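How do two chains of a protein meet, and what makes up the surface between them? The report below takes the interface first and the single chain after it.

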There are 2 protein chains.
Amino acid sequence: MNTCTRRPVSNIFLDALTSALGDRVSTALAVREHHGRDESMYATCPPDAVVFARSTDDVVTVVKLCNEHDVPVIAFGAGSSIEGHVLPFSGGVTIDLSEMNHIVAVNPEDLTATVQAGVTRKQLNHETRNMGLFFPIDPGADATIGGMAATRASGTNAVRYGTMRDNVVSLTVVTAEGKVIRTSSRAKKSSAGYDLTAIFVGSEGTLGIITEVTVKLHVQPEGISAAICSFPTVQDAVQCVIATIQMGIPVARVEIMDTAAVKAVNQYSHLDLKESPVLLFEFHGTPDGVTEQSSMVQEIAKETGGQDFNWATQTEDRNKLWTARHNAFFASMQLKPGCRGVSTDVCVPISRLAESIDVTIDELAKSSIAYTIVGHVGDGNYHVILLIDPKNAEEVAEMERINHGIVQRAIAMDGTCTGEHGVGVHKIPFLVEEHGENALDMMRALKRAFDPKNILNPGKIVSLN
Amino acid sequence: MNTCTRRPVSNIFLDALTSALGDRVSTALAVREHHGRDESMYATCPPDAVVFARSTDDVVTVVKLCNEHDVPVIAFGAGSSIEGHVLPFSGGVTIDLSEMNHIVAVNPEDLTATVQAGVTRKQLNHETRNMGLFFPIDPGADATIGGMAATRASGTNAVRYGTMRDNVVSLTVVTAEGKVIRTSSRAKKSSAGYDLTAIFVGSEGTLGIITEVTVKLHVQPEGISAAICSFPTVQDAVQCVIATIQMGIPVARVEIMDTAAVKAVNQYSHLDLKESPVLLFEFHGTPDGVTEQSSMVQEIAKETGGQDFNWATQTEDRNKLWTARHNAFFASMQLKPGCRGVSTDVCVPISRLAESIDVTIDELAKSSIAYTIVGHVGDGNYHVILLIDPKNAEEVAEMERINHGIVQRAIAMDGTCTGEHGVGVHKIPFLVEEHGENALDMMRALKRAFDPKNILNPGKIVSLN
């Protein structure tokens, strides 16, 4: 199923597209191939054409044509998804939204910003920095805000600030019929009907195409401090996290890296972190509040085997540390030249996190696949980055076996197969294990209701066949 | 439309219901009438039968029978909704969930609790108090958790802890076909497909019947303090709130009452608050953090005309104050014996709150309808409680005119017609003004997909005719 099975689109359709959108349409092979891959392990599968949209109207034009001609249409942001989300396995038109990179409005008084879908998280933060505001969601890549909304992304700040689910206020969406809707007002809360915003957040382009996003901004805390602490084992580090969360200490970030991840990050980002399992912390608050939080956590770390607590008090040092953490996926891939990284993404209730990681490490020890472990452990979410050669069938099979085992155990612990990466195609088989057939029937009913002709990123999230 | 237009259900159906559920079925007039009203102004409209469900299986049995016989089915919790949500205008069976009041599990380590839909918010807080945990969502009434989920309710703590949207982790739902689904795992975050939880939160029983709810619990703060501060005008008080929110001070509660509401509360709850516009504050955090927050807010209050800042440091005094606030709706009704209170519920971006309230007060001054104003002003949400005789057509028309004006202005300010009360039947006409026809079409498509025979609380939220 996850192979290119497209029927080429008709010339009549391509002519109509070009006549409507002129030089915003490209059928050049290099352009199509660039839009036929993401950061997943899948082989390139180019669309039939790429349209570089500059406005919601452009998206409407493309979707209406695709609807009329029964042609699949796939939204594309930064191409940084990792489960095959944007690969046009059934062909069709990819709408590249990266040129829709205009910040429409920042409302500092309301702590909101409205951006076109192609604005990236770093671009938005650059814009709001001097207002004393920031946008907290930070997946590893400099993804687009539209893509992050479509994936229900999160990152290192989610433990304190939530995910895209919690930080998207409203969306402008083009429906399968090419109609434009706005999912909500900018009110901080509403009970005015079905939660259309939440329906489209995490829908991966399968229910509509997001063209504008209103997000929450947050006030930059007066006090920030970061620290790194080494532990004898990953398990000790996890115990420290669990105690911190269960005490209700509002850490802004708490991230784990195992020894292999630290080695990878040291090499890739030219750092000299002690090569042992570590926790990275960040504390936000008033200066007094930060001191209070960090001394409580330091105490917990001491009790759970933490061996030192090094502070990164300078903004520059902090940024270096977090940039290194954000690059951990790419750093890990450098450990095995030519490999692809396949990242597991389970998230479990925090009471089960230690057990989940323990068994996973035991299982990994029995395998020859190289790996690193990183994770947003404050949320119960961690990633095993499995380093494989996608052309080596045995390695792929072994990776899938390990991944599936991790997922099955997470689901048995009342957790999820994906905390933040999304489903794409790779995780479709896990959804029935996680949600059951009845719930999947409701998801399919929703898909059919919103996209009756199955033209919107077909074959992703739910399989209708 | 909002009148009893039911065709009586067949005896065959009633016999089948009774044979399946025995003495859990009642067709006694008193029971039916009790389930034919809520706290809205609508005249009683009894269902044809009431079933007192004791389990999800009971709900499945009823829904399957109703589905088979095309009979409307309405979920009923505490009956405290105020827009006609639970009134069976097309007849049918009301499922009373109040006997499903079992706390299924409290997971203190994960900060979650799973409860049957009929558990009330006070019951849950009673259960978790000794664990050092609490459930923050607090509408005025002691509503059921299921009803609060179905209404996307909030209350005084939402400014800090969010609404039901943010605090529901997972739901057990009986679908229109009588199938049981669980909408999510207990993982703190997930990207595993469409957000079924969010779809059912706020759906008012029109997409499925919620029978179990897993909610987030929060750690009781080490330090709590509350204060009340008087202001010369409502406008001055609002300016104080806006400055507090825009500075990012994490107040746990900030509530407004106008002079009339203070008078009502003083009478009803035997208090002696100064009869002027007031703000009620609560601060949560570490003891130092609470001191820091409250002194910052005290400073802001001074600058915006606050005339005193009285502390309620004892738990007992605090509880008395918040109980009085929660009873403000009922207290207001006592100002005009025999009246009903109709509460507006707009929520606007905080940058527009002062203007919204200013114009509203000007408009109210031109009318003879008695009113009080209370509100969760930290969220931009406030209620004008209009005191009318529902049998006086002129008063009803005047109330509707005022309400509509408040809503129209809120929507023009990019706000919502309802921050927390929901749509029921009363707010259906406002949805098209707020969302537009295209977005409403998507809501209707969702309703048709999840409830093809339109048996689930028909005529609420969206009108399909």
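A salt bridge here is a side-chain nitrogen of Lys or Arg within 4 Å of a carboxyl oxygen of Asp or Glu. By that rule, 14 salt bridges cross the interface of chain B and chain A. The model is a predicted one.

One of these pairs is B:Asp414 with A:Arg182. Their closest N and O atoms are 2.9 Å apart.

Which elements supply the side of chain B that touches chain A? Those giving two or more residues are α6, β9, α8, α9, α11 and α16 of chain B. The table gives their residue ranges.

| Element of chain B | Residues |
|---|---|
| α6 | 158–161 |
| β9 | 180–182 |
| α8 | 196–200 |
| α9 | 234–246 |
| α11 | 287–303 |
| α16 | 428–450 |

The largest share comes from α16(B), with 13 residues. By class, this side of chain B has 31 nonpolar, 30 polar and 19 charged residues.

**Extent of the interface**

In contact are 80 residues of chain B and 79 residues of chain A. The area buried between the two chains is about 6400 Å². Carbon and sulfur atoms give 54% of that area.

**The single chain**

Chain A holds 16 helices and 18 strands. Its radius of gyration is 22 Å, close to the 23 Å that the globule rule gives for 465 residues, so chain A is as compact as a globular protein of that length. The C-alpha trace of chain A spans about 70 × 55 × 45 Å along its principal axes.

Note on methods: Residues are numbered from 1 along each chain as its sequence is written. Chains are lettered from A and ligands numbered from 1 in the order in which they are written. Side-chain values use heavy atoms; hydrogens and water are left out. Contact means heavy atoms within 4.5 Å. Buried area is the accessible area (1.4 Å probe) that two parts lose on being put together, summed over both. Helices (H or I, at least four residues) and strands (E, at least two) are DSSP runs, numbered from the N terminus. Ala, Val, Leu, Ile, Met, Phe, Trp, Tyr, Cys and Pro count as nonpolar, Asp, Glu, Lys and Arg as charged, and the others, Gly among them, as polar. The radius of gyration is taken over C-alpha atoms; the globule rule is 2.2 Å times the number of residues to the power 0.38.
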